[in-house]
Amino acid sequence: MMLNLARKSALLNEIAETLEAETQFSSNGLLLIAAVDRGHLSLSLFSDRGRHVEYRNIEYGRYDKHLNELWAMEPLSKRWEEVEIFLKAGQFKVKFVFPEDFDPEELDTDRRHTTATEYFGGKPIRYPGLDSRDSWTM
C-alpha cells in the first residue's frame, strides 16, 4: 500500500512539474482537468491571465502516460472519472471526481467550464480559436 501511495504522489508531482514547465505558466493559477478511461484521454487546461482565464490547447503526449498509470492504479470499483489538478503560487492541489459526482445530462464542456469558473472566482473564460473570431468569452 505504501509503495502505491508513494507512486501516486510521484506521478502527481511529475504532472504538476510538467504543468509548471508549460511555456505560458501563470503563477496566478493553472487548472488541468483530465478525464481518463481505458483507451480514452480528454484534457482541458485553463490559465489565469489576471482579468480573465484562458482555455489553452495542451500537448497530450506530455501527460497521457502519467495520467493513465495513475488511473490504472485504482481498483476497478474505485476508479475516478476525472482528476482536477490546480497549481498556484508553487503549490498544487488535486481533486478526484467519481462517476456518481456527475450529472449524466450535463455536457463535459459545460461541466468543465463550471469547474474552471469555481477555481478562478468567476472570472470570464476566453476560448481562443474555437470559432471564426479571435476568441469568444463565456
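1. A quick word on terms: a salt bridge here is a side-chain nitrogen of Lys or Arg within 4 Å of a carboxyl oxygen of Asp or Glu. By that rule the count comes to seven. The model is a predicted one, where local features need pLDDT of at least 70, side-chain atom pairs count only at pLDDT 80 or more, and totals for chains, interfaces and linings use all residues. Residues are numbered from 1 along each chain as its sequence is written, and side-chain values use heavy atoms, with hydrogens and water left out.

2. Take Arg7 and Glu69 to start with: their side chains meet in a salt bridge at 2.8 Å, N to O. Arg7 sits in helix H1 and Glu69 in helix H2, so the pair ties together parts that are 62 residues apart in sequence. (Helices, H or I of at least four residues, and strands, E of at least two, are DSSP runs numbered from the N terminus.) Arg7 is partly exposed at 29% relative accessibility, and Glu69 is partly exposed at 27%. For the cut-offs, buried means under 20% relative accessible area, exposed over 50%, and partly exposed in between, using a 1.4 Å probe and protein chains only.

3. Next, Lys8 and Glu74: the closest N and O atoms of this salt bridge are 2.5 Å apart. Lys8 belongs to helix H1 and Glu74 to the loop between H2 and E4, so parts 66 residues apart in sequence are tied together. Both Lys8 and Glu74 are buried.

4. Over in helix H3 (residues 108-119), Arg111 and Asp108 lie three residues apart, about one turn of the helix. They form a salt bridge, with 3.1 Å between the closest N and O atoms. Arg111 counts as buried at 13% relative accessibility, whereas Asp108 is partly exposed at 44%. Salt bridges that share partners join Glu82, Asp108, Arg111 and Arg112 into one network.

5. Now the inside. A nonpolar core is a set of buried Ala, Val, Leu, Ile, Met, Phe, Trp, Tyr and Cys residues joined through side-chain atoms within 4.5 Å. The largest one has 21 residues, and Ile15, Leu19, Leu32, Leu43, Tyr63, Leu67 and Ile85 touch the most other members. H1 (2-20), E1 (30-37), E2 (40-48), H2 (64-72) and E4 (82-88) each supply at least two residues, and the largest share, five residues, comes from H1. A second, separate core of ten residues includes Leu31, Val53, Ala116 and Phe120.

6. Leaving aside neighbours within four places in sequence, Leu43 is in contact (heavy atoms within 4.5 Å) with residues including Leu32, Tyr63, Leu67 and Arg112.
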